[in-house]
Amino acid sequence: MKNVLIYCRPGFERDALAEISDKASEHGFYGYGVPAENSGYVLYNTGDDQGGEALIQSLSFNHLIFARQIIAVNDVIDFEKGGRVQALLEAARELPLAEDMWFETADTNEAKALAGLIKKIEKPLMGAWKKAGLLRKKAVGIRHHVFFMEGNQAYLGVSYQSCRSEFLSGIRRLRFPSKGPSRSTLKLEEALLQFVPEQRRERDLYEGMHAVDLGAAPGGWTYQFVIRGIHTYAVDNGPMQKELMNTGLVSHMTEDGFKFKPPGKVDWLVCDMVERPILVAELMAKWLCEGWTQRAIFNLKLPMKKRYQEVVQCFELIASQLKQQGLRYEMQYKHLYHDREEITVCVMVK
């Protein structure tokens, strides 16, 4: 397959294309793409018949900012109303065998209107795939995706476990907690689930830890630590939710987040302050280089233009300062579903 199809938040197609073009050139592919504004996806042509698969298998999902999902595809498939199953099945014979298959659309109102069609066609397609022997348990980690564009168009592609989202259409949907101080709590919850996998939580996220939340009020991010039994220094001049303060796990520090210094080393630093991204990046690098924390999750508010270029500059600043201090680290980043005009970054010093 020659193309890479990336699902993204509508309005961020140019950013997703700039990023995949950058990643592709790093791996020796020099292709092209034409973003369709507010479509919720972008198609990148590698110029190589096997380039799509080779490229996605060389990438790390948590090192892709704007990709909600990434799959390898060929050209869009056009079909008549009565011939959808047959047209897709014929194209599927060119794909590697898969363990399972998903039916998806972009995250737009127009695409969501296809839900009825997908529900109607899902069972016949699954039956045709199984009858043709295209789904096999031995094909571990390989998934087929049918990405519907319209009622008579779809992309058929494949993803690999090494680089993909494990959520339909790349969207992790979370329920807002009844006692949550603000909807921003979902941003940190999603970030913790994304960047701290279950097998690492005994080491990196457990009861009894200490955290700092810069720009905490009214406590949406602090809430995520409190429910995990983590004592949090909530730094903000604004008021905190009374229920959080009553837990005994929150110390409210009415100070400027850029000037605050912790009383001692803490396990986590989080920050969702509304400020220029480069200034937040500098502050996060300072905390990590000073050894005030080894783990940080923070949001970078995106500018109106050249968003990808801006955040890359922030990453480079952090990486440069950590390397100057001789620190080994892991940096992950993602434009999460519950983010809006921002991206979330996680840095852990080893």
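**Labels and their grounds**

Modeller: Keep in mind that the model is predicted.

Colleague: How do you know that the span of helix H1 agrees with its number of residues?

Modeller: H1 runs over residues 13-26, which is 14 residues. The rule is 1.5 Å times one less than the number of residues.

Colleague: Which residues of H1 are buried, and what do they pack against?

Modeller: Buried means under 20% relative accessible area. In H1 that holds for Glu13, Asp15, Ala16, Leu17, Glu19, Ile20, Lys23 and Ala24. Their packing partners include strand E1 (3-7), helix H2 (51-57) and helix H11 (307-324).

Colleague: What makes strand E9 "mostly covered"?

Modeller: Five of its five residues, 231-235, are buried. His231, Tyr233 and Val235 point one way, Thr232 and Ala234 the other, and all are buried.

Colleague: Why are E8 and E9 called paired?

Modeller: Pairing takes at least two bridges between the strands. E8 (residues 210-214) and E9 have five, in the parallel sense, so they pass. His210 stands opposite His231 in E9. The chain crosses from E8 through helix H8 (residues 220-226) to E9, a right-handed β-α-β crossover.

Colleague: What about E9 and E10: how many bridges, and in which sense?

Modeller: Four, parallel, with E10 spanning residues 250-253. Against the cut-off of at least two, they therefore pair. Met253 in E10 is the bridge partner of Val235.

Note on methods: Residues numbered from 1 in each chain as written. Predicted model: local features only at pLDDT ≥ 70, side-chain atom pairs only at ≥ 80, totals over all residues. Heavy atoms only, no water. Buried < 20%, exposed > 50% of the residue type's maximum accessible area, 1.4 Å probe, protein only. Contact = heavy atoms within 4.5 Å. Right-handed = clockwise from strand over helix to strand, strands pointing away.
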